[in-house]
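Reader: I would be grateful for a close look at one part of this structure, followed by an account of its surroundings. Please begin with a single residue and proceed from there.

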Amino acid sequence: MSVTGSVSDRGISENFYPTSCQVSLHLCTIDSISRVELVMRKSVVRLPAAPYAQSGTFELSWHKLLFDHLKVQVYRQRILSHYRIATSVIKLAELPGYTGTYIAEYPLMNVNNKTEALGNIHLKFEFKYDMNTCESPVESEDLEAIFQREAGRPSMSIQRSVTYSGSPARSNSYASSTSGYSQRSLSSSRGSSFSGLSLLSEKTRNGFKELSELVAAFTSTGWNKISKTEFARGLLLLQEFYRLNPIPRTNKVVDDLGQLKIAAYFMDFALPTYGTIALNYFGYGKGVLDFVKFSDKKVALEHLKLDPKDILVWQYGSPELYKANFFACHDRKTNSIVIAIRGTFNLHESLLDTHLEYAPFLNGHAHKGMMETALLLEEQYLESIKEWVRERKVKALYLVGHSLGAAVVSIFLLRVRDLLLQEFGPDFRIEGFNFATPPCVSANLIPGTEQYIQNYINENDIVPHMSFGAIMDLKELIVKAAALSQDRKLTKADRMELIQKYKQQLKQENKHPRLYSPGRQFFMYKTSRVYHHTSKGSIKQGLLHDNTGNPLIDNHGPHYVIEETAQEHFEDADVRPNMIWHHLLNKYDVSLRKVHLLTLGT
């Protein structure tokens, strides 16, 4: 059985959730089985067919409770081996409850015919809480209310047994079992799987391990064994769907020269974060004259016209995971400290990007890799920032970031802005100027950030869409589109309509919660490309702005536009042309500066 709705509706939250779950076999209605396997990510627990003979304990996290599955596989004995006959996939977010001990029943589907149920399996679940990891523990009367609510659910037997531990007992393994039977867990395979990483730091090795588990969770369920050809067809059909459904326009065109000039000014600080080669590729270098300096720092100083004494920190090339690559300087033109954080440019940063797991943060949750990077930046440099402000007697702190760097800026400001305002007073300015911020925090942390963060999104850039929840919905959309592409009775219009309906269904179900980008959102695009990709060369009726009197809107010729947009327009992982190309920082630079020039001309 499963229960729909948010996990938060059943008594748990980011700051109060079970840290482990013990699962055992209570009853299986299929005869002559030899064993049962419980699989969560890369952890496998093998149980004998005898009920209650053994159990397996799986460590839980907030992200696992939102997205992961427990896969149950039932086997029979051959002469020399076991063969799988039935399976059941249990989404953790749809468990009947997360407290006490109960028994729940699930159908076992034939592995050769997914629509045929061979029988049912009854599993016993027992949840444990580590009170040291729960910031807001519920009182005993609250637990009693939860038990009463859970007891009313069908097909369950609730025993009032809640276990708390006073000290963390977490190990590196994600699963453990009682002695006497077989279990293959992550810990047993780590030596062989990751032995090649021994030269890397412990944090980096652990990051690879956690990422491999996340990949296992993403790929293990939900694909319905579609072939590579079917996958490609589904992806192409989705791309056509998004071509016909552009990102909504708001007509809130930015024509404030002051805002555009400031954004372009801080873009200059983001460009040299990628080094000499990239700066020359972006069109701002001096070619051979830059390379003979053998110093990215010297090239950055020339580009920004800074005195060497004004560089406060130049931190690049560290092999430590979660350590941001950035520089900090005293900008005398704005009488401020400017911190510019680089986006993804090496293996470590790619690892941070793909470490998409949701982790508790403040009173919500955040992208784990980006959050850890921001927290380490705070730990290592917050006191230094305070010293720089006092010593240099500046009036502001500005942070600039692109991609990964933009997310780190956002999370860092959420953590420290109020602390710094208490330290230096309400007139001290603390702001972030971000480009291509990936979704990095939960929706409840967004309100208020519009006052001090600006985020710019360029055309079809995929990165501002890519939260784990959006990727999970994209997976389901690809499977759906692959099935629709094989139905030859459907017209193209039918397929587009059915994809739209399924997309709306996924949004209503909210099975895969999203993350969002903090701050005011500004969307940059070239009108000729927008109209071409939605109309095949002709201007589609209704896409053009009505006559408003603002030449930036009413101009029907090809030109760049920036308009203030809304968070919900970037919830989905849209599959669009140039979605990687438009993410490059120089593409942001071109769009921003051409809008600035056009606005000057008006």
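Is cysteine 28 buried or exposed, and what is its relative accessible area?

Author: Cysteine 28 is buried, because its relative accessible area is 16%, and buried means under 20% relative accessible area, with exposed over 50% and partly exposed in between (1.4 Å probe, protein chains only). The model is a predicted one, in which local features need pLDDT of at least 70 and side-chain atom pairs count only at pLDDT 80 or more, while totals for chains, interfaces and linings use all residues. Residues are numbered from 1 along each chain as its sequence is written, and side-chain values use heavy atoms, with hydrogens and water left out.

Another cysteine, cysteine 329, is also buried, with a relative accessible area of 0%. A disulfide is counted when two cysteine sulfur atoms lie within 2.5 Å, and by this rule the count is 0.

The wider setting is as follows. The protein chain has 602 residues, of which 54% are buried. Its secondary structure comprises 17 helices and 22 strands; helices (H or I, at least four residues) and strands (E, at least two) are DSSP runs, numbered from the N terminus. Contact denotes heavy atoms within 4.5 Å. Among contacts in the chain with a separation of 6 or more, 74% are between residues 24 or more positions apart.

The interior may be taken next. A nonpolar core is a set of buried Ala, Val, Leu, Ile, Met, Phe, Trp, Tyr and Cys residues joined through side-chain atoms within 4.5 Å. The largest such core has 48 residues, and Phe326, Ile339, Leu397 and Ile411 touch the most other members. Elements that each supply at least two residues of this core include β14 (326–331), β15 (336–341), α11, β18 (396–402) and α12 (404–424). Helix α12 gives the most, with 11 residues. Leucine 397 touches Ile337, Ile339, Ile385, Leu420, Phe428, Arg429, Ile430 and Glu431, with residues up to four places away in sequence not counted.

Helix α11 (residues 368–392) also carries glutamate 378. This glutamate 378 is buried, since its relative accessible area is 13%. Beyond residues up to four places away in sequence, glutamate 378 touches Phe412, Arg415 and Val416.

Aromatic packing forms a further theme. Rings of Phe, Tyr and Trp (its six-membered ring) pair if their centres lie within 6.5 Å; planes under 30 degrees apart count as stacked, over 60 as edge-to-face and the rest as tilted. The whole structure has 26 aromatic pairs. Phenylalanine 266 and phenylalanine 433 form a stacked pair, because their ring centres are 4.5 Å apart and their planes meet at 15°. Distant parts of the chain are linked by this pair: phenylalanine 266 belongs to helix α6 (residues 257–270) and phenylalanine 433 to strand β19 (residues 429–435), 167 residues apart. Phenylalanine 266 counts as buried at 3% relative accessibility, as does phenylalanine 433 at 4%. An edge-to-face pair is formed by phenylalanine 523 and phenylalanine 570, with 5.6 Å from centre to centre and 65° between the planes. Here strand β21 (residues 520–526) holds phenylalanine 523, and the loop between β22 and α17 holds phenylalanine 570, 47 residues apart. Both phenylalanine 523 and phenylalanine 570 are buried. Ring pairs also join Tyr265, Phe266, Phe269, Tyr398 and Phe433 into a cluster.

Charged side chains also meet rings. A charge sits over a ring if NZ of Lys or CZ of Arg is within 6 Å of the ring centre and within 35 degrees of the ring normal. Arginine 35 lies over the face of tyrosine 75, 4.6 Å from the ring centre, and lysine 480 lies over that of tyrosine 502, at 5.3 Å.

The loop between β22 (560–565) and α17 (585–601) also contains arginine 576. Arginine 576 is buried, as its relative accessible area is 10%. Its side chain reaches the backbone oxygen of tyrosine 242 at 2.6 Å. Apart from neighbours within four places in sequence, arginine 576 is in contact with Tyr242, Arg243, Asn245, Pro246, Ile247 and Asn460.

Isoleucine 462 sits in the loop between β20 (453–458) and α13 (468–486) and counts as buried at 9% relative accessibility. With residues up to four places away in sequence left aside, isoleucine 462 touches Ala573, Asp574, Met579 and Ile580. The C-alpha atoms of isoleucine 462 and proline 577 are separated by 9.7 Å, although these residues are 115 residues apart along the chain.

Conventions. A polar contact is a pair of N or O atoms within 3.5 Å; within protein, one must be able to donate a hydrogen and the other to accept it, and residues adjacent in sequence count only if both atoms are side-chain atoms.
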